[in-house]
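The sequence and the structure are shown first, and the description follows.

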Amino acid sequence: MKRLSGITELNLLVNGERRAVAARPSDTLLRVLREELGLTGAKAGCENGDCGACTVLLDGLPVKSCLLLAVEAEGHRITTAEGLKDTPVQKAFLEFNGFQCGYCTSGFLLNAHSLIAARPEANNETDRERL
């Protein structure tokens, strides 16, 4: 097991790019993405995992980045809303105005993208339940 204290350099794979960041062992992935890497698609909403505004994909599965330590994300593929550039789901959200105030849109985009990738045959009922 890796022992961490103070500031530690992490190598994260974010949106297909290797990114080196300096972080404390207690830093959440949300904080590192926003403050160290400037990726502000994931939002700090409730910061206790209820709202989903901070959702990112970890190895293709949605996770709440406010509940995950950045050190736990090392060695995994992280996808943020910025990494969904020009995907069909992003284009569909734009075409059909699939957002409300916009604050939680990135969480909906990432959950929808993950759902489509995992279960392309899903129907409206399945989609509603998952979202």
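L69 is partly exposed, with a relative accessible area of 30%; buried means under 20% relative accessible area, exposed over 50%, and partly exposed in between (1.4 Å probe, protein chains only). This leucine lies in the loop between β4 and α2 (70–73). Helices (H or I, at least four residues) and strands (E, at least two) are DSSP runs, numbered from the N terminus. Leaving out residues up to four places away in sequence, L69 touches P25, S26, D27, T28 and L29, where contact means heavy atoms within 4.5 Å. From E17, L69 is 52 residues away in sequence and 19 Å away in space, C-alpha to C-alpha.

The model is a predicted one, in which local features need pLDDT of at least 70 and side-chain atom pairs count only at pLDDT 80 or more, while totals for chains, interfaces and linings use all residues. Residues are numbered from 1 along each chain as its sequence is written, and side-chain values use heavy atoms, with hydrogens and water left out.

## The chain as a whole

Along the principal axes, the C-alpha atoms fill a box of roughly 45 × 25 × 25 Å.

Of the 131 residues, 36% are buried. Among contacts in the chain with a separation of 6 or more, 46% join residues 24 or more positions apart. The accessible surface comes to about 7800 Å², and 50% of this belongs to carbon and sulfur atoms; areas come from the Shrake-Rupley method with a 1.4 Å probe, and for residues only the protein chains shown count as cover.

## The sheet and its hairpins

An open sheet of 5 strands is arranged in the order β2-β1-β5-β3-β4, with mixed pairing; two strands pair if DSSP finds at least two bridges between them. At the edges are β2 (17–23) and β4 (61–64), each of which pairs on one side only. From one strand to the next, the twist averages 45 degrees. Axes here are lines fitted to C-alpha atoms, for helices over the stretch in contact, and angles run from 0 to 180 degrees between N-to-C directions.

Strands β1 and β2 run antiparallel and are joined by 7 bridges, with L13 standing opposite R18 in β2. They form a hairpin with 2 residues between them, and N15 in the turn has a positive phi of about 55 degrees. Strand β3 (residues 55–58) is joined to β4 by 4 bridges, again in an antiparallel arrangement. L57 faces P62 in β4, and L58 faces L61 in β4. In this hairpin, which has 2 residues between the strands, D59 takes a positive phi near 55 degrees.

## Helices on the sheet

Helix α1 (residues 29–36) packs on the sheet, touching β1 (8–14), β2, β3 and β5 (77–79), and its direction makes about 100 degrees with that of β2. In α1, L29, L30, R31, V32 and L33 are buried. The buried residues of α1 pack against β1, β2, β3, α2 and β5. After α1 comes G38, with a positive phi near 70 degrees.

Helix α4 (residues 105–118) lies across β3, β4 and β5, running at about 30 degrees to β3.

## The nonpolar cores

In soluble globular proteins, nonpolar side chains tend to be buried together. A nonpolar core is a set of buried Ala, Val, Leu, Ile, Met, Phe, Trp, Tyr and Cys residues joined through side-chain atoms within 4.5 Å. In the largest core, of 20 residues, L12, V14, L29, L33, A73 and I78 touch the most other members. Two or more residues each come from β1, β2, α1, β3 and α2, and the largest share, 4 residues, comes from α1. Apart from this core lies another of 7 residues, among them L57, L84, V89 and F93.
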